[in-house]
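Hello,

Here is the structure I promised to pass on to you. Please open it beside this email and follow along as you read.

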Amino acid sequence: METLKLDVISGNRKENILIAANLLKQGKTVAIPTETVYGLAASAFDDNAIKNVFLAKGRPQDNPLIVHISDMEMLKTVATDIPDIAYKCAEKFWPGPFTMILKKTDKIAKSVSAGLDTVAVRMPSDNIAHDIIAACGIPLAAPSANLSGKPSPTTAKHVVDDLFGKIDGIVLGNDCKVGVESTVITLVGKPKLLRPGGITLESLKEIIPDIEVDKAVLCKLDGNHKVASPGMKYKHYAPNTETYLISGESNKFADYVNKQSNCVAVCFEEEKDLIKVKNTVYGKASDETTLAKNVFAVLRNCDTFGCDKIFIHAPSKSGVGLAVYNRLIRAAAFKVIEL
């Protein structure tokens with residue numbers, strides 16, 4: 001397949017956004033930048049286009065997608081029976097890295113929601129994503145623009161590495177500012193956090209004090225469990241190299257990894273001098289937003305070390321750290337070593 005590269009940074013921004021929008025309106029697949037990660041977009045109303053998204057990624061068909069909108073009017077074409085609390089959340093968190101699961105309209109392609117009667121929807125804050133959706137005039141379903149299971153793409157190069165020749169277009173934009181996928185909550189039934197992201201649990205509780213945290217945030221689900229949100233069920237975000245998450249104090253982490261052979265340690269900046277094996281830093285332990293922004297690029301880079309194993313020092317589970325921890329336990333296939 002011929003993949004069209006559309007440069008909206010150093011190239012003609014307006015023209016290339018219109019080209020991308022026209023491809024999407026024709027039922028094509030186009031990778032676009034957002035503030036979270038790059039997404040592989042297709043019309044949320046076109047079942048054949050959505051099937052091509054699953055095909056390009058190698059994504060399991062029972063893993064639902066998130067629909068992206070550009071304004072509140074578009075929300076009405078996506079969701080129905082919208083509760084008041086959804087509008088309160090939208091006022092607080094949209095546009096931004098925040099997704100709500102609501103009852104879906106009949107317009108949404110069945111493959112978007114994996115056969116469920118609900119739909120996950122968000123309004124991205126990235127200007128390029130917004131302008132492409134607005135130019136389309138239709139909502140776009142867009143999972144991360146990577147091969148299924150691999151670290152999510154936070155740069156245009158990551159998308160080219162994974163999907164060039166498999167999709168119709170790639171919009172070459174800036175690096176993603178947030179770096180992890182959006183926070184997902186369900187508002188169908190009792191409000192529940194299904195996937196942590198850039199909008200923290202602490203922020204959600206300001207709007208929904210009694211929101212619960214789904215067990216899938218920190219635990220592995222049964223293989224037969226039907227999920228309402230992406231990122232809940234499968235091994236995700238994983239390098240090719242076998243990966244372990246290490247929980248413990250810096251000196252204990254350093255002692256552990258320094259005894260290993262042919263490994264790479266993913267550590268915090270404050271402890272780098274303690275690490276004697278090959279290593280890479282993904283930020284300061286106290287700077288959760290930087291950890292989130294860097295984590296996927298670091299995971300991809302770890303495969304270039306030529307090592308047998310990756311050991312990652314676990315972040316805290318507070319604030320955005322919960323989102324980073326959530327991604328890392330999946331990258332490690334839930335192999336966590338407590339020191």
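This is a predicted model: local features need pLDDT of at least 70, side-chain atom pairs count only at pLDDT 80 or more; totals for chains, interfaces and linings use all residues.

**What I found**

Residues are numbered from 1 along each chain as its sequence is written, and side-chain values use heavy atoms, with hydrogens and water left out.

**Rings that meet**

Which kind of pair do Tyr256 and Phe311 make? Their ring centres are 5.6 Å apart and their planes stand at 80°, so the pair is edge-to-face. For the rule, rings of Phe, Tyr and Trp (its six-membered ring) pair if their centres lie within 6.5 Å; planes under 30 degrees apart count as stacked, over 60 as edge-to-face and the rest as tilted. This pair links distant parts of the chain, with Tyr256 in helix H8 and Phe311 in strand E16, 55 residues apart. Those labels come from DSSP runs numbered from the N terminus: helices are H or I with at least four residues, and strands are E with at least two. Tyr256 counts as partly exposed, at 24% relative accessibility. Ring pairs also bring in Tyr244, so that Tyr244, Tyr256 and Phe311 form a cluster.

By this rule there are five aromatic pairs. One of them is tilted: the rings of Phe93 and Phe98 have centres 4.9 Å apart and planes at 45°. Phe93 is buried at 6% relative accessible area, and Phe98 is buried at 0% relative accessibility.

Lys335 lies over the face of Tyr244, at 5.2 Å from the ring centre. Lys317 lies over the face of Tyr325, at 4.7 Å from the ring centre.

**The sheet with E16**

Where does strand E16 belong? Five strands form an open sheet with parallel pairing, in the order E15-E14-E16-E13-E17. The edge strands, each pairing on one side only, are E15 (278-281) and E17 (336-338). Neighbouring strands of this sheet are turned by 25° against each other on average, direction ignored. Two strands pair if DSSP finds at least two bridges between them; E14 (residues 263-267) and E15 have four, in the parallel sense. Val266, for example, has Thr280 in E15 as its bridge partner.

Two helices pack on this sheet. H8 touches E13 (242-247), E14, E16 (309-313) and E17, and its direction makes about 175° with that of E16. Helix H9 (residues 288-302) touches E14, E15 and E16, and its direction makes about 160° with that of E15. Contact here means heavy atoms within 4.5 Å, while axes are lines fitted to C-alpha atoms, for helices over the stretch in contact, and angles run from 0 to 180 degrees between N-to-C directions.

Ala254 is buried, at 3% relative accessibility. Apart from neighbours within four places in sequence, Ala254 is in contact with Leu274 and Ile275.

**Cores and other strands**

The largest nonpolar core has 69 residues, and Phe98 is among those with the most contacts inside it. Such a core is a set of buried Ala, Val, Leu, Ile, Met, Phe, Trp, Tyr and Cys residues joined through side-chain atoms within 4.5 Å. A second, separate core of 28 residues includes Tyr237, Val295, Leu299 and Val320.

Finally, look at strand E2 (residues 30-32), which runs parallel to E9 and is joined to it by two bridges. E2 also runs antiparallel to E3, with three bridges, and the two form a hairpin with six residues between them. Val30 stands opposite Gly169 in E9 and opposite Ala41 in E3. Why is E3 (residues 39-43) said to be largely enclosed by the rest of the structure? Five of its five residues are buried.

Enjoy exploring!

Terms used:
Buried means under 20% relative accessible area, exposed over 50%, partly exposed in between (1.4 Å probe, protein chains only). A charge sits over a ring if NZ of Lys or CZ of Arg is within 6 Å of the ring centre and within 35 degrees of the ring normal.
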